[in-house]
Amino acid sequence: MNLELQTLSWAQAASLQVDALIVLVSQKQNKHTGLLSTMLSQAEKSGDFNRSAGQSMLWWKPAGLKAQRLVFAATGEGRPQDVRQAVTLAVQALKKTKSAKVAICLEESHSKQLVIATQAAADAAYVYTHTKPSAKPSLISHLIIGVPDAKSSQQDFVHAKAQVSGVALAREWGNRPANHATPDLLAKAAKGLAKHASISCEVLGLKEVLRLGMGSFAAVAQASAEPLRFIVLNYKGAAASQAPVVLVGKGITFDTGGISLKPGPGMDEMKFDMCGAASVLGTFEALAHLKPKVNVVGLIPACENMPGGRALKPGDVVTSMSGQTIEILNTDAEGRLVLCDALTYAKRFKPIAVIDIATLTGACVIALGHLRSGLYATDEKLAQQLLQAGEQSLDLCWRMPLDDEYAEGLKSNFADVANVADRAAGSVTAAKFLQRFAKDFPWAHLDIAGTAWKSGAAKGATGRPVPALLAYVMMQANMSLKTSPLKSKN
Ligand code: BES
Ligand code: MN
Ligand code: ZN
(Lines give C-alpha, C1' and ligand atoms only; values in the text may rest on other atoms or scores of the structure.)
(Ligands and ions follow the chains in the order given, each with its own letter.)
Protein backbone atom coordinates (compact mmCIF):
# COMPACT_ATOMS: atom_id res chain seq x y z
CA MET A 1 0.00 0.00 0.00
CA ASN A 2 1.18 3.45 -0.92
CA LEU A 3 1.23 5.73 2.16
CA GLU A 4 1.33 9.50 1.95
CA LEU A 5 1.37 12.28 4.53
CA GLN A 6 -0.41 15.58 3.86
CA THR A 7 -1.34 18.73 5.66
CA LEU A 8 -5.11 18.56 5.64
CA SER A 9 -7.54 20.94 7.29
CA TRP A 10 -11.25 20.17 7.09
CA ALA A 11 -11.57 22.90 4.46
CA GLN A 12 -8.81 21.30 2.35
CA ALA A 13 -10.29 17.84 2.90
CA ALA A 14 -13.56 18.98 1.33
CA SER A 15 -11.83 19.51 -1.99
CA LEU A 16 -9.64 16.38 -1.87
CA GLN A 17 -10.15 14.07 -4.85
CA VAL A 18 -10.33 10.62 -3.26
CA ASP A 19 -12.60 7.58 -3.37
CA ALA A 20 -13.25 7.93 0.32
CA LEU A 21 -12.57 10.46 3.01
CA ILE A 22 -12.52 9.41 6.67
CA VAL A 23 -12.90 12.25 9.13
CA LEU A 24 -12.16 11.49 12.78
CA VAL A 25 -14.35 13.44 15.18
CA SER A 26 -13.78 13.67 18.91
CA GLN A 27 -15.87 15.30 21.58
CA LYS A 28 -13.45 18.19 21.92
CA GLN A 29 -13.58 19.02 18.21
CA ASN A 30 -15.35 22.31 17.44
CA LYS A 31 -12.88 24.66 15.84
CA HIS A 32 -13.65 23.75 12.23
CA THR A 33 -15.57 25.74 9.66
CA GLY A 34 -16.74 25.02 6.12
CA LEU A 35 -18.82 22.34 4.48
CA LEU A 36 -17.61 19.34 6.51
CA SER A 37 -18.30 21.17 9.71
CA THR A 38 -21.84 22.06 8.55
CA MET A 39 -22.50 18.46 7.53
CA LEU A 40 -21.28 17.28 10.91
CA SER A 41 -23.62 19.61 12.83
CA GLN A 42 -26.54 18.57 10.66
CA ALA A 43 -25.82 14.87 11.17
CA GLU A 44 -25.57 15.44 14.90
CA LYS A 45 -28.74 17.52 15.04
CA SER A 46 -30.70 14.90 13.15
CA GLY A 47 -29.56 12.31 15.68
CA ASP A 48 -28.01 10.12 12.95
CA PHE A 49 -24.53 10.60 14.37
CA ASN A 50 -23.00 11.31 17.76
CA ARG A 51 -19.45 11.53 18.98
CA SER A 52 -19.28 8.62 21.39
CA ALA A 53 -16.47 6.23 20.55
CA GLY A 54 -17.49 3.56 18.07
CA GLN A 55 -20.10 5.65 16.24
CA SER A 56 -19.73 6.16 12.52
CA MET A 57 -21.69 7.39 9.55
CA LEU A 58 -21.09 6.70 5.87
CA TRP A 59 -22.26 9.09 3.13
CA TRP A 60 -22.29 8.25 -0.56
CA LYS A 61 -21.55 11.02 -3.10
CA PRO A 62 -21.86 13.75 -0.49
CA ALA A 63 -23.00 16.96 -2.22
CA GLY A 64 -20.30 19.59 -2.45
CA LEU A 65 -17.38 17.28 -1.61
CA LYS A 66 -14.85 16.03 -4.16
CA ALA A 67 -14.67 12.69 -2.32
CA GLN A 68 -16.92 9.88 -3.55
CA ARG A 69 -17.61 8.75 -0.01
CA LEU A 70 -17.39 10.33 3.40
CA VAL A 71 -17.15 8.61 6.76
CA PHE A 72 -17.47 10.48 10.02
CA ALA A 73 -15.85 8.26 12.63
CA ALA A 74 -16.26 9.22 16.28
CA THR A 75 -13.38 8.86 18.71
CA GLY A 76 -15.16 9.92 21.91
CA GLU A 77 -12.58 11.54 24.13
CA GLY A 78 -9.91 10.85 21.53
CA ARG A 79 -8.03 8.16 23.48
CA PRO A 80 -5.54 6.27 21.28
CA GLN A 81 -7.64 3.10 21.69
CA ASP A 82 -10.67 4.99 20.39
CA VAL A 83 -8.75 6.41 17.44
CA ARG A 84 -7.64 2.90 16.58
CA GLN A 85 -11.17 1.55 16.82
CA ALA A 86 -12.64 4.41 14.77
CA VAL A 87 -10.12 3.94 11.94
CA THR A 88 -10.56 0.16 12.00
CA LEU A 89 -14.37 0.40 11.70
CA ALA A 90 -14.20 3.02 8.94
CA VAL A 91 -11.67 1.12 6.84
CA GLN A 92 -13.52 -2.16 7.32
CA ALA A 93 -16.67 -0.48 6.01
CA LEU A 94 -14.82 0.99 3.03
CA LYS A 95 -13.21 -2.35 2.24
CA LYS A 96 -16.64 -3.45 1.01
CA THR A 97 -16.83 -0.50 -1.41
CA LYS A 98 -14.90 0.29 -4.56
CA SER A 99 -12.50 2.60 -2.78
CA ALA A 100 -8.86 2.53 -3.85
CA LYS A 101 -7.65 5.95 -2.76
CA VAL A 102 -8.57 6.75 0.82
CA ALA A 103 -7.71 9.72 3.01
CA ILE A 104 -7.93 9.88 6.80
CA CYS A 105 -8.24 13.28 8.37
CA LEU A 106 -6.71 13.21 11.86
CA GLU A 107 -7.56 15.79 14.47
CA GLU A 108 -4.09 16.20 15.87
CA SER A 109 -0.50 15.88 14.70
CA HIS A 110 0.15 13.98 17.93
CA SER A 111 2.77 11.33 17.18
CA LYS A 112 1.13 8.45 19.02
CA GLN A 113 -2.17 9.09 17.27
CA LEU A 114 -0.59 9.25 13.83
CA VAL A 115 1.26 5.96 14.18
CA ILE A 116 -1.75 4.21 15.68
CA ALA A 117 -4.16 5.48 13.02
CA THR A 118 -1.83 4.57 10.17
CA GLN A 119 -1.29 1.08 11.60
CA ALA A 120 -5.02 0.54 12.18
CA ALA A 121 -5.81 1.52 8.59
CA ALA A 122 -3.13 -0.77 7.17
CA ASP A 123 -4.23 -3.63 9.44
CA ALA A 124 -7.88 -3.28 8.44
CA ALA A 125 -6.97 -3.13 4.74
CA TYR A 126 -4.78 -6.27 4.85
CA VAL A 127 -6.08 -9.35 3.05
CA TYR A 128 -4.39 -12.75 3.25
CA THR A 129 -4.05 -14.21 -0.24
CA HIS A 130 -0.96 -16.46 -0.22
CA THR A 131 -2.87 -19.77 -0.20
CA LYS A 132 -6.31 -18.37 -1.04
CA PRO A 133 -6.44 -17.48 -4.74
CA SER A 134 -10.17 -16.75 -4.46
CA ALA A 135 -9.59 -13.95 -1.93
CA LYS A 136 -10.04 -10.49 -3.39
CA PRO A 137 -6.88 -8.54 -2.66
CA SER A 138 -7.53 -5.25 -0.93
CA LEU A 139 -8.64 -2.53 -3.32
CA ILE A 140 -7.33 0.11 -0.95
CA SER A 141 -3.97 0.86 -2.50
CA HIS A 142 -3.33 4.48 -1.67
CA LEU A 143 -3.74 5.89 1.82
CA ILE A 144 -3.37 9.56 2.60
CA ILE A 145 -2.82 10.45 6.24
CA GLY A 146 -4.00 14.02 6.75
CA VAL A 147 -2.75 15.99 9.76
CA PRO A 148 -2.95 19.67 10.77
CA ASP A 149 0.80 20.08 10.18
CA ALA A 150 2.59 17.55 8.00
CA LYS A 151 6.03 19.05 8.54
CA SER A 152 6.04 18.44 12.27
CA SER A 153 4.74 14.89 11.73
CA GLN A 154 7.32 13.80 9.17
CA GLN A 155 9.43 11.83 11.65
CA ASP A 156 6.42 10.04 13.10
CA PHE A 157 5.20 9.23 9.63
CA VAL A 158 8.51 7.56 8.76
CA HIS A 159 8.12 5.51 11.95
CA ALA A 160 4.53 4.65 11.04
CA LYS A 161 5.47 3.49 7.54
CA ALA A 162 8.32 1.33 8.85
CA GLN A 163 6.10 -0.18 11.52
CA VAL A 164 3.35 -0.91 9.00
CA SER A 165 5.77 -2.82 6.77
CA GLY A 166 7.15 -4.75 9.75
CA VAL A 167 3.73 -5.69 11.10
CA ALA A 168 2.61 -6.75 7.61
CA LEU A 169 5.59 -9.08 7.29
CA ALA A 170 4.99 -10.58 10.74
CA ARG A 171 1.30 -11.12 10.01
CA GLU A 172 1.99 -12.66 6.62
CA TRP A 173 4.49 -15.23 7.96
CA GLY A 174 2.34 -15.90 11.00
CA ASN A 175 -0.65 -16.63 8.79
CA ARG A 176 1.05 -18.93 6.32
CA PRO A 177 0.23 -22.60 6.98
CA ALA A 178 3.01 -24.78 8.37
CA ASN A 179 3.54 -26.47 5.00
CA HIS A 180 4.05 -23.04 3.45
CA ALA A 181 6.18 -21.70 6.31
CA THR A 182 8.69 -24.44 7.07
CA PRO A 183 11.90 -23.73 9.00
CA ASP A 184 13.72 -23.54 5.66
CA LEU A 185 11.17 -21.10 4.20
CA LEU A 186 11.50 -18.92 7.32
CA ALA A 187 15.26 -18.98 6.81
CA LYS A 188 14.78 -17.94 3.18
CA ALA A 189 12.56 -15.08 4.31
CA ALA A 190 15.30 -13.99 6.71
CA LYS A 191 17.85 -14.21 3.90
CA GLY A 192 15.48 -12.05 1.87
CA LEU A 193 15.77 -9.32 4.50
CA ALA A 194 19.49 -9.22 3.82
CA LYS A 195 18.70 -7.47 0.52
CA HIS A 196 18.76 -4.34 2.68
CA ALA A 197 22.32 -3.05 2.97
CA SER A 198 22.08 -2.71 6.75
CA ILE A 199 21.05 -6.34 7.32
CA SER A 200 23.03 -9.55 7.03
CA CYS A 201 21.84 -13.08 7.66
CA GLU A 202 23.44 -16.40 8.40
CA VAL A 203 21.60 -19.70 8.59
CA LEU A 204 22.86 -22.76 10.47
CA GLY A 205 21.71 -26.32 9.83
CA LEU A 206 21.72 -29.45 11.97
CA LYS A 207 25.46 -30.08 11.65
CA GLU A 208 26.42 -26.64 12.91
CA VAL A 209 23.76 -26.70 15.61
CA LEU A 210 25.10 -30.00 16.95
CA ARG A 211 28.67 -28.73 16.75
CA LEU A 212 27.59 -25.79 18.93
CA GLY A 213 26.17 -28.27 21.44
CA MET A 214 22.55 -27.21 21.07
CA GLY A 215 21.29 -30.62 22.20
CA SER A 216 18.02 -29.25 23.51
CA PHE A 217 17.01 -27.45 20.31
CA ALA A 218 18.09 -30.41 18.15
CA ALA A 219 16.06 -32.82 20.32
CA VAL A 220 12.81 -30.95 19.63
CA ALA A 221 13.44 -31.13 15.88
CA GLN A 222 14.52 -34.77 15.73
CA ALA A 223 11.20 -36.39 14.72
CA SER A 224 10.40 -33.91 11.98
CA ALA A 225 10.95 -34.53 8.28
CA GLU A 226 11.63 -30.79 7.94
CA PRO A 227 15.25 -29.92 8.71
CA LEU A 228 15.77 -27.39 11.53
CA ARG A 229 17.23 -23.95 10.91
CA PHE A 230 19.01 -21.60 13.29
CA ILE A 231 18.69 -18.10 11.85
CA VAL A 232 21.08 -15.30 12.80
CA LEU A 233 20.12 -11.80 11.65
CA ASN A 234 22.28 -8.74 12.06
CA TYR A 235 21.12 -5.15 11.75
CA LYS A 236 24.07 -2.77 11.76
CA GLY A 237 23.08 0.83 12.43
CA ALA A 238 25.96 1.85 14.72
CA ALA A 239 29.68 1.25 15.14
CA ALA A 240 30.63 -2.41 15.50
CA SER A 241 31.98 -1.58 18.95
CA GLN A 242 28.48 -0.74 20.19
CA ALA A 243 26.87 -3.65 22.06
CA PRO A 244 23.67 -4.85 20.42
CA VAL A 245 20.15 -5.61 21.52
CA VAL A 246 19.42 -9.29 20.85
CA LEU A 247 15.91 -10.40 19.89
CA VAL A 248 15.20 -14.13 20.15
CA GLY A 249 12.02 -15.43 18.49
CA LYS A 250 10.44 -18.83 19.08
CA GLY A 251 10.15 -20.42 15.66
CA ILE A 252 8.14 -23.60 16.11
CA THR A 253 6.59 -23.76 12.64
CA PHE A 254 4.11 -26.34 13.91
CA ASP A 255 3.55 -27.60 17.44
CA THR A 256 1.74 -30.95 17.60
CA GLY A 257 2.94 -31.36 21.18
CA GLY A 258 5.13 -34.27 20.10
CA ILE A 259 4.61 -37.55 22.00
CA SER A 260 2.72 -35.50 24.61
CA LEU A 261 0.31 -34.94 21.73
CA LYS A 262 -2.10 -32.03 21.83
CA PRO A 263 -5.86 -32.64 21.55
CA GLY A 264 -7.32 -32.37 18.04
CA PRO A 265 -9.71 -29.40 18.22
CA GLY A 266 -8.00 -26.15 17.35
CA MET A 267 -4.64 -27.77 16.74
CA ASP A 268 -4.38 -25.93 13.42
CA GLU A 269 -3.70 -22.78 15.42
CA MET A 270 -0.33 -24.21 16.37
CA LYS A 271 0.86 -23.04 12.95
CA PHE A 272 1.05 -19.69 14.78
CA ASP A 273 3.69 -21.08 17.14
CA MET A 274 6.35 -19.23 15.13
CA CYS A 275 4.83 -15.79 15.71
CA GLY A 276 7.74 -14.87 17.99
CA ALA A 277 10.07 -15.58 15.06
CA ALA A 278 7.77 -13.64 12.73
CA SER A 279 7.91 -10.64 15.07
CA VAL A 280 11.71 -10.68 14.88
CA LEU A 281 11.56 -10.76 11.07
CA GLY A 282 9.01 -7.94 11.13
CA THR A 283 11.11 -5.82 13.46
CA PHE A 284 14.13 -6.23 11.18
CA GLU A 285 12.05 -5.21 8.16
CA ALA A 286 11.01 -2.07 10.03
CA LEU A 287 14.59 -1.33 11.10
CA ALA A 288 15.77 -1.53 7.50
CA HIS A 289 13.34 1.29 6.69
CA LEU A 290 13.88 3.40 9.80
CA LYS A 291 17.67 3.03 9.95
CA PRO A 292 18.18 3.89 13.64
CA LYS A 293 21.75 4.20 14.94
CA VAL A 294 21.78 1.03 16.98
CA ASN A 295 22.89 -2.57 16.51
CA VAL A 296 20.38 -5.40 16.72
CA VAL A 297 20.88 -9.15 16.47
CA GLY A 298 17.98 -11.50 15.74
CA LEU A 299 18.11 -15.20 16.65
CA ILE A 300 15.49 -17.69 15.51
CA PRO A 301 15.58 -21.37 16.40
CA ALA A 302 13.14 -22.80 13.85
CA CYS A 303 11.77 -26.35 13.70
CA GLU A 304 8.63 -28.46 13.95
CA ASN A 305 7.56 -30.33 17.08
CA MET A 306 6.36 -33.73 15.82
CA PRO A 307 5.64 -37.19 17.22
CA GLY A 308 7.19 -40.24 15.53
CA GLY A 309 9.63 -43.09 15.87
CA ARG A 310 12.54 -40.73 16.39
CA ALA A 311 10.69 -38.37 18.69
CA LEU A 312 11.76 -37.19 22.09
CA LYS A 313 10.01 -39.15 24.86
CA PRO A 314 8.85 -38.08 28.30
CA GLY A 315 11.68 -38.92 30.68
CA ASP A 316 14.42 -38.38 28.09
CA VAL A 317 17.30 -36.22 29.26
CA VAL A 318 19.01 -33.82 26.85
CA THR A 319 22.10 -31.66 27.23
CA SER A 320 21.69 -27.99 26.41
CA MET A 321 24.40 -25.76 24.95
CA SER A 322 24.89 -24.27 28.43
CA GLY A 323 25.90 -27.70 29.72
CA GLN A 324 22.82 -27.99 31.91
CA THR A 325 20.94 -31.25 31.42
CA ILE A 326 17.15 -31.15 31.04
CA GLU A 327 14.64 -33.88 31.86
CA ILE A 328 11.80 -33.74 29.35
CA LEU A 329 8.68 -34.45 31.35
CA ASN A 330 6.35 -33.09 28.69
CA THR A 331 7.37 -32.87 25.03
CA ASP A 332 4.73 -30.17 24.52
CA ALA A 333 6.84 -27.74 26.56
CA GLU A 334 9.15 -27.46 23.55
CA GLY A 335 9.36 -23.69 23.20
CA ARG A 336 11.63 -23.32 26.22
CA LEU A 337 13.79 -26.16 24.87
CA VAL A 338 14.59 -24.33 21.65
CA LEU A 339 14.84 -20.92 23.33
CA CYS A 340 17.29 -22.00 26.05
CA ASP A 341 19.97 -22.84 23.47
CA ALA A 342 19.34 -19.59 21.58
CA LEU A 343 19.72 -17.67 24.88
CA THR A 344 23.06 -19.37 25.51
CA TYR A 345 24.13 -18.50 21.97
CA ALA A 346 23.15 -14.84 22.59
CA LYS A 347 25.91 -14.47 25.17
CA ARG A 348 28.61 -14.22 22.48
CA PHE A 349 27.27 -10.83 21.37
CA LYS A 350 27.89 -9.28 24.82
CA PRO A 351 24.45 -7.69 24.45
CA ILE A 352 23.07 -4.69 26.35
CA ALA A 353 19.81 -6.62 26.53
CA VAL A 354 18.30 -9.87 25.32
CA ILE A 355 14.55 -10.05 24.70
CA ASP A 356 12.93 -13.33 23.78
CA ILE A 357 9.49 -13.38 22.22
CA ALA A 358 7.48 -16.58 22.36
CA THR A 359 4.00 -18.06 22.08
CA LEU A 360 5.12 -19.98 25.13
CA THR A 361 2.21 -21.00 27.34
CA GLY A 362 -1.54 -21.50 27.27
CA ALA A 363 -1.36 -20.43 30.92
CA CYS A 364 -0.43 -16.90 29.84
CA VAL A 365 -3.66 -16.72 27.83
CA ILE A 366 -5.55 -17.71 30.97
CA ALA A 367 -3.71 -15.09 33.03
CA LEU A 368 -3.84 -12.09 30.68
CA GLY A 369 -6.23 -12.93 27.84
CA HIS A 370 -5.67 -11.31 24.49
CA LEU A 371 -4.98 -7.71 25.49
CA ARG A 372 -1.55 -7.67 27.11
CA SER A 373 1.51 -9.84 26.53
CA GLY A 374 3.21 -11.26 29.60
CA LEU A 375 6.45 -9.45 30.40
CA TYR A 376 9.17 -10.98 32.56
CA ALA A 377 12.45 -9.21 33.19
CA THR A 378 15.54 -9.58 35.34
CA ASP A 379 16.47 -5.96 34.79
CA GLU A 380 14.42 -3.07 36.11
CA LYS A 381 15.34 -0.55 33.42
CA LEU A 382 14.67 -3.03 30.64
CA ALA A 383 11.29 -3.86 32.16
CA GLN A 384 10.29 -0.21 32.44
CA GLN A 385 11.42 0.56 28.91
CA LEU A 386 9.47 -2.35 27.45
CA LEU A 387 6.36 -1.40 29.42
CA GLN A 388 6.74 2.15 28.13
CA ALA A 389 7.37 0.99 24.56
CA GLY A 390 4.17 -1.03 24.83
CA GLU A 391 2.13 1.92 26.11
CA GLN A 392 3.51 4.22 23.45
CA SER A 393 2.70 1.87 20.59
CA LEU A 394 -0.51 0.57 22.17
CA ASP A 395 1.02 -2.89 21.99
CA LEU A 396 0.57 -3.51 25.67
CA CYS A 397 2.35 -5.83 28.07
CA TRP A 398 2.08 -6.53 31.78
CA ARG A 399 4.89 -7.28 34.23
CA MET A 400 4.84 -10.77 35.71
CA PRO A 401 6.81 -12.09 38.70
CA LEU A 402 10.05 -14.09 38.78
CA ASP A 403 10.33 -15.05 42.46
CA ASP A 404 12.74 -17.94 42.86
CA GLU A 405 10.13 -19.91 44.79
CA TYR A 406 8.29 -20.38 41.49
CA ALA A 407 11.22 -22.54 40.26
CA GLU A 408 10.69 -25.13 42.99
CA GLY A 409 8.64 -27.43 40.75
CA LEU A 410 11.32 -27.56 38.05
CA LYS A 411 13.57 -29.78 40.20
CA SER A 412 14.42 -33.16 38.69
CA ASN A 413 15.91 -36.37 40.12
CA PHE A 414 17.53 -37.18 36.80
CA ALA A 415 18.76 -33.88 35.36
CA ASP A 416 19.77 -30.36 36.37
CA VAL A 417 16.27 -29.13 35.62
CA ALA A 418 12.92 -30.46 34.40
CA ASN A 419 11.19 -28.81 31.48
CA VAL A 420 7.84 -28.46 33.28
CA ALA A 421 6.46 -27.97 36.76
CA ASP A 422 2.84 -28.57 37.77
CA ARG A 423 -0.04 -26.58 36.25
CA ALA A 424 0.02 -23.71 38.74
CA ALA A 425 1.42 -20.45 37.34
CA GLY A 426 2.44 -22.19 34.12
CA SER A 427 3.56 -19.00 32.38
CA VAL A 428 5.78 -18.07 35.34
CA THR A 429 7.43 -21.47 35.67
CA ALA A 430 8.20 -21.41 31.93
CA ALA A 431 9.90 -18.04 32.44
CA LYS A 432 11.80 -19.42 35.46
CA PHE A 433 13.08 -22.22 33.25
CA LEU A 434 14.34 -19.70 30.66
CA GLN A 435 15.90 -17.49 33.32
CA ARG A 436 18.44 -20.24 34.11
CA PHE A 437 19.88 -19.68 30.64
CA ALA A 438 19.82 -15.87 30.76
CA LYS A 439 22.09 -15.10 33.69
CA ASP A 440 24.81 -13.23 31.79
CA PHE A 441 22.90 -10.20 30.48
CA PRO A 442 19.84 -8.07 31.19
CA TRP A 443 17.01 -10.28 29.99
CA ALA A 444 13.33 -9.94 29.24
CA HIS A 445 10.82 -12.49 28.04
CA LEU A 446 7.54 -11.70 26.28
CA ASP A 447 4.94 -14.47 26.42
CA ILE A 448 2.76 -13.59 23.43
CA ALA A 449 0.58 -16.72 23.45
CA GLY A 450 -2.55 -14.59 23.90
CA THR A 451 -1.65 -11.65 21.69
CA ALA A 452 0.12 -13.00 18.59
CA TRP A 453 -3.03 -14.18 16.83
CA LYS A 454 -6.80 -14.06 16.93
CA SER A 455 -9.09 -17.10 16.90
CA GLY A 456 -12.63 -17.49 15.61
CA ALA A 457 -14.04 -15.62 12.62
CA ALA A 458 -11.13 -13.16 12.64
CA LYS A 459 -8.56 -15.98 12.84
CA GLY A 460 -5.19 -14.58 11.90
CA ALA A 461 -1.86 -13.25 13.10
CA THR A 462 -1.79 -9.77 14.64
CA GLY A 463 1.84 -8.85 13.99
CA ARG A 464 2.32 -8.18 17.70
CA PRO A 465 4.65 -7.34 19.35
CA VAL A 466 6.44 -5.67 16.42
CA PRO A 467 5.15 -2.19 17.44
CA ALA A 468 6.48 -2.56 21.00
CA LEU A 469 9.82 -4.04 19.90
CA LEU A 470 10.32 -1.27 17.36
CA ALA A 471 9.48 1.40 19.93
CA TYR A 472 11.94 -0.20 22.36
CA VAL A 473 14.78 -0.33 19.80
CA MET A 474 14.10 3.29 18.78
CA MET A 475 14.33 4.26 22.45
CA GLN A 476 17.82 2.72 22.62
CA ALA A 477 18.91 4.56 19.48
CA ASN A 478 17.62 7.91 20.75
CA MET A 479 19.26 7.45 24.13
CA SER A 480 22.66 6.55 22.71
CA LEU A 481 22.37 9.60 20.42
CA LYS A 482 21.81 11.83 23.42
CA THR A 483 24.76 10.38 25.31
CA SER A 484 27.13 10.02 22.35
CA PRO A 485 30.39 11.96 22.79
CA LEU A 486 30.02 13.54 19.33
CA LYS A 487 26.74 15.15 20.22
CA SER A 488 27.71 16.39 23.68
CA LYS A 489 30.76 18.20 22.26
CA ASN A 490 28.59 20.58 20.22
N1 BES B 1 2.84 -23.34 21.85
C2 BES B 1 2.34 -23.81 23.08
C3 BES B 1 1.68 -22.72 23.91
C4 BES B 1 0.31 -22.29 23.49
C5 BES B 1 -0.78 -23.12 23.69
C6 BES B 1 0.11 -21.03 22.98
C7 BES B 1 -2.03 -22.69 23.34
C8 BES B 1 -1.15 -20.59 22.65
C9 BES B 1 -2.22 -21.42 22.83
C10 BES B 1 3.47 -24.41 23.92
O11 BES B 1 4.46 -25.04 23.22
C12 BES B 1 2.84 -25.41 24.82
O13 BES B 1 2.36 -26.39 24.32
N14 BES B 1 2.87 -25.15 26.11
C15 BES B 1 2.27 -26.02 27.05
C16 BES B 1 3.18 -26.11 28.25
C17 BES B 1 2.79 -27.19 29.22
C18 BES B 1 3.02 -28.56 28.61
C19 BES B 1 3.59 -27.03 30.47
C20 BES B 1 0.91 -25.44 27.44
O21 BES B 1 0.80 -24.24 27.57
O22 BES B 1 -0.02 -26.22 27.56
MN1 MN C 1 3.99 -27.09 22.89
ZN1 ZN D 1 4.74 -24.39 21.32
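Donors are taken here as N, O and S atoms within 2.8 Å of the metal, and because water is not among the atoms, sites may look incomplete. The model is predicted. On this basis, the manganese ion (ligand 2) is coordinated by Asp255 through OD, by Asp332 through both O and OD, and by Glu334 through OE, at 2.0 to 2.2 Å. The site of the manganese ion (ligand 2) has 6 donor atoms, with angles of 71 to 167° among them, and is classed as irregular. The donor residues of this ion follow the spacing D-x76-D-x1-E in sequence.

Ideal angles for six octahedral donors are 90 or 180 degrees.

The distance between the two ions is 3.2 Å.

Ligand 1 is surrounded by 16 residues, of which Asp255, Lys262, Asp332, Glu334 and Gly362 are the closest. By class, this shell comprises 5 nonpolar, 4 polar and 7 charged residues. For Asp255, a side-chain N or O atom lies 2.9 Å from an oxygen atom of ligand 1. For Asp332, the corresponding distance from a side-chain N or O atom to an oxygen atom of ligand 1 is 2.7 Å. In the case of Asp273, a side-chain N or O atom is 2.9 Å from a nitrogen atom of ligand 1. Taken alone, ligand 1 exposes 510 Å², and the protein buries 77% of that area. The position of ligand 1 is in the second largest pocket.

Technical notes. Residues numbered from 1 in each chain as written. Chains lettered and ligands numbered in written order. Predicted model: local features only at pLDDT ≥ 70, side-chain atom pairs only at ≥ 80, totals over all residues. Heavy atoms only, no water. Near = heavy atom within 4 Å. Polar contact = N/O pair within 3.5 Å; in protein donor to acceptor, adjacent residues only side chain to side chain. Areas by Shrake-Rupley, 256 points an atom, 1.4 Å probe, with all protein chains shown as cover. 1 Å grid on protein atoms, 1.4 Å probe; cavity = no way out; pocket = protein on both sides within 12 Å on 5 of 7 lines; lining within 4 Å. Sits in = over half its atoms within 2 Å of the grid points. Nonpolar A, V, L, I, M, F, W, Y, C, P; charged D, E, K, R; others polar. Tetrahedral: all angles 85-135°; square planar, octahedral: opposite > 155°, others 65-115°.
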